[in-house]
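Take a look at it first, then read on.

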Amino acid sequence: MRFVRVLFIWIFSLATLSSVAAVQPPAVRLDDEVQPQHAVLDLTLSPAKPEFSGKVQFDVKINRALDHFWINATQLELSDVSLVKDGKTIPAKLIPGNEDFVGFQFPSTMQPGNARLTISFSGKVNQQSSEGIFQSNFKEDKYLFTQFEAISARRAFPCFDQPNFKFPWQLTLHVPTTDSAVANTKILKETPEADGMKAVEFTETKPLPSYLVAFGVGPFEFVDAGTFGKNHVPVRIVVPRGDQAEAKYAASITSEILSRLENYFGVPYPYDKSDQLVIPLSFGGAMENPGLVTYDASIVLAPAGEESVAHQREYASIAAHELAHQWTGDMVTMKWWNDVWLNESFATWMSSKLLAEWKPEWHTRADDEDARLGAILQDTKTSARRINQPVENKSDIASAFDGITYEKGGSVLATFENAVGPENFQHAMHNYLQAHMFGNATAQDFLSALGAASKPEYASAFSTFLDQTGVPEIRSTMECTAGKPPVVHIHQQRLLPAGSSGDVNRTWGVPVCVAYSDSKGRGETCKLVTQPQDTITLETNSCPAWYLANDKEIGYYTGQYDAESLNHLLDHRGDLSLAEQVGLLGDVKDLARTSQMSWNDALALVPKLKNAQEPQVTGAAIDLASVPVEYLDPKLKQNYAGFVEDTFGEQARRLGWLPKSGDTEDQQLLRPEIVRFVATWGKDPTLISEAKRLANEWLANRKAVPPDIARSALAVAARYGDAQFYDKVLAAAKAETDPTFKPTLIGTLGQFSDPQLLNRSIVLAFDGTFDIRMSGGIVFSMLREPGTAEIAYQYVRAHYDQIKSKLPQAVDQNFAAFFPVLASASTCSNEGEAQAKAFFEPRMKDVVGGPRQLASSLEQIHLCAVAKPAAEKQIAGFLAIYNSGAAQSGGAKSSE
């Protein structure tokens, strides 16, 4: 989760200020001079009120002699602070810190020992962003929820807000009697109170860091989802009032996911319940709070019996990720944010593994390729982070939650699981969890477990992916000599785009696994490659008809082949798994995007896949055919439309917009992607007309069109839509109350092509018409092409200060840090790079997460400018044969 720091408000007397002015707060991190060991937290709050109050009591251990110490608090007012030590109450003066810290000054030096710190406080419910304690409305009801990762617990109560401070919590909530309250643990008791309130006391938690404390208050309803595991743990889906029926699918599979996780880890589920709490507002996805996982409503809820295949798989994937965290992240937590990959990479890897083994018919290994390939492309930049990146300030914390931590980390784990063997890897995971149960861990702790369960050299090799940026490019050639086993020659270097300032001469410990044809059908040979040059001798005596330098396409590296070997692979793609076919095409795409392969050669592969029967392969072909718009000469858009129509038009029209009897699940997933692609870029008039009809039907009746089809149809209808249709979408977006539909409608406002309409939309994104947590969808929609992104970019430049003043500004939700992306999405020139740097450099230096995002965006503009001349020429050369601008298989022209 990404969240932001807002202003820290304190009221002090001048005497207090002058007496402690010389004491300085920590830069970002508390030391261990005071160690919390237990907390009792008491909060009074109501969804109908904008403020809350409470008292927190910490049992602490003072580890060295001191006369003051610090804790975390943000935008809170503190009162009645007391410290009891050795039976005596010691007075404390408040030390004004900054937006993150407050200190306590004592009259004399205290010696090491145990003490009890008690603080009364009050604060404001967050109405602007989903951090701390925030409000969410659904229909006529109001709710309160929490989101504390990474450092937003300090907005809700004074605390030691770091992952290494892990201890039990005892929570009591005073809430209206008409509301329910849920938290990390079961309810111990409820007691009526005066003024229509009640006290809800929860059982004590297992040791938790502050960022994992969670609760919710409101008129919830509860859906029983059964029990699971060795301890028969109860599972529930907790939904807003009136939404029980829409949680049916989630309730049907959640216990199964938890059972599979418990069986794999070999450690019983560590908490007393598992609630899945639905938040009727887009707050950022989902959060792994132990015993109380929170989700955006759109992830969990769907009308009973109308859940799309995409929705079912999305919930299964996200739930598997968040529930895996109950072991990796919650039970065992990283000591500091530099090792957040121990949480997020592990959950990403485990979710993929669980789905692939539980639902092989879903072919999720092929879907996983998108994550691996996306991380690889991000990792080609010199501005990319390491997986284990030092964290020295709040910007570093904000930057830690990115594709490198999630997708690269998850892919590297899969690489080494494949290399050491699933049983050895499972043994390492079990030992790691057992050794650090309810405690903290570091990267070295995991590497030690991995080395002990396999071989020490694998731990050393793994660290080469943790401690340096970049991705290996594995160039390979095969040599066959009569009477000898075939040999694959390996050369590894860093994959870098044209124009990069990075050093290509970098090596990793890469577990390279080669698959190849042999007399038995298929063989595999693996070797840990640690040098720039190496050879792998295949375990066969005949020269293979093909070889694949990344068996299963699971390794975190990009394979580079000579033209003959690549064509042999495509000729024998039936011998490859779906994941291997998708991964191979993705490697080609990444090589083209980094200028390591010509676009002519890459695009020439797409027509060979025209008659592919596997939807996953067709999807990969669409990805490869989706050339960067910056490299497409506007004069050749009709040629490009002809290419799209000729390659994909027939299949798109055969599938059509609406489901058909006998559709496979894979076809249901492919339909909105391929039909939208052909309508958008192939400009098929029939598909465009049908999209407009379906969009209007859905606007009139939400049950008229399946939701996944409606989203794509709305996007196409908007692209070719006029002011009348725009006004209809806008009115629907304003009126919509369903949290699964409202973000779709808001995002559609950014899908129009007419500049006048988009100028209206970008104003709506920031003027308060919609909640900023949803209206950001307008901006994201406008990033799709340079022309539409330019409208958003210029508006933000012209109104930057005004917009920024309205935005959340805390770690993990600092929306202003995103703005440099507008520049990289809209410009591809040296002049554009200079302009973006001049505008954003002075503005991003004080934005949490801003400096790294700016560096990435400026690098993207630079690389685009370098690659564009050659890429544009290569793509133009390929498209020359499609000079009719219309489908050569029956389509017709349509003007945009």
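This is a predicted model: local features need pLDDT of at least 70, side-chain atom pairs count only at pLDDT 80 or more; totals for chains, interfaces and linings use all residues.

Residues are numbered from 1 along each chain as its sequence is written, and side-chain values use heavy atoms, with hydrogens and water left out.

Let's start with confidence. The pLDDT (the predictor's confidence in each residue, from 0 to 100) averages 93 over the chain, and 95% of the residues score at least 70. Residues 1-21 fall below 50, though that stretch still has 85 contacts in the model beyond near neighbours in sequence (a contact means heavy atoms within 4.5 Å). Residues 885-896 are below 50 too, with 34 such contacts.

Now for Asp-379, which sits in helix 6 (residues 364-379). Helices (H or I, at least four residues) and strands (E, at least two) are DSSP runs, numbered from the N terminus. Asp-379 is buried, at 0% relative accessible area; buried means under 20%, exposed over 50%, and partly exposed in between (1.4 Å probe, protein chains only). Its side chain reaches the backbone nitrogen of Gly-470 at 3.1 Å. Leaving out residues up to four places away in sequence, the residues that Asp-379 touches include Arg-385, Lys-408, Arg-494 and Tyr-556.

On to the rings: the whole structure holds 55 aromatic pairs. Rings of Phe, Tyr and Trp (its six-membered ring) pair if their centres lie within 6.5 Å; planes under 30 degrees apart count as stacked, over 60 as edge-to-face and the rest as tilted. Here are two of the pairs.

| Pair | Centres apart | Planes | Type |
|---|---|---|---|
| Phe-148 and Phe-215 | 6.4 Å | 75° | edge-to-face |
| Tyr-271 and Phe-438 | 6.4 Å | 75° | edge-to-face |

Phe-148 is in the loop between strand 11 (141-147) and strand 12 (169-176) and Phe-215 is in strand 16 (residues 215-218), so their pair ties together parts 67 residues apart in sequence. Phe-148 is buried at 1%, and Phe-215 is buried at 1% as well. In the other pair, Tyr-271 is buried at 9%, whereas Phe-438 is partly exposed at 21%.

What sits over the ring of Phe-839? The charged end of Arg-797 does, 4.8 Å from the ring centre, and so does that of Arg-843, at 3.9 Å. To count, NZ of Lys or CZ of Arg must be within 6 Å of the ring centre and within 35 degrees of the ring normal.

Note on methods:
A polar contact is a pair of N or O atoms within 3.5 Å; within protein, one must be able to donate a hydrogen and the other to accept it, and residues adjacent in sequence count only if both atoms are side-chain atoms.
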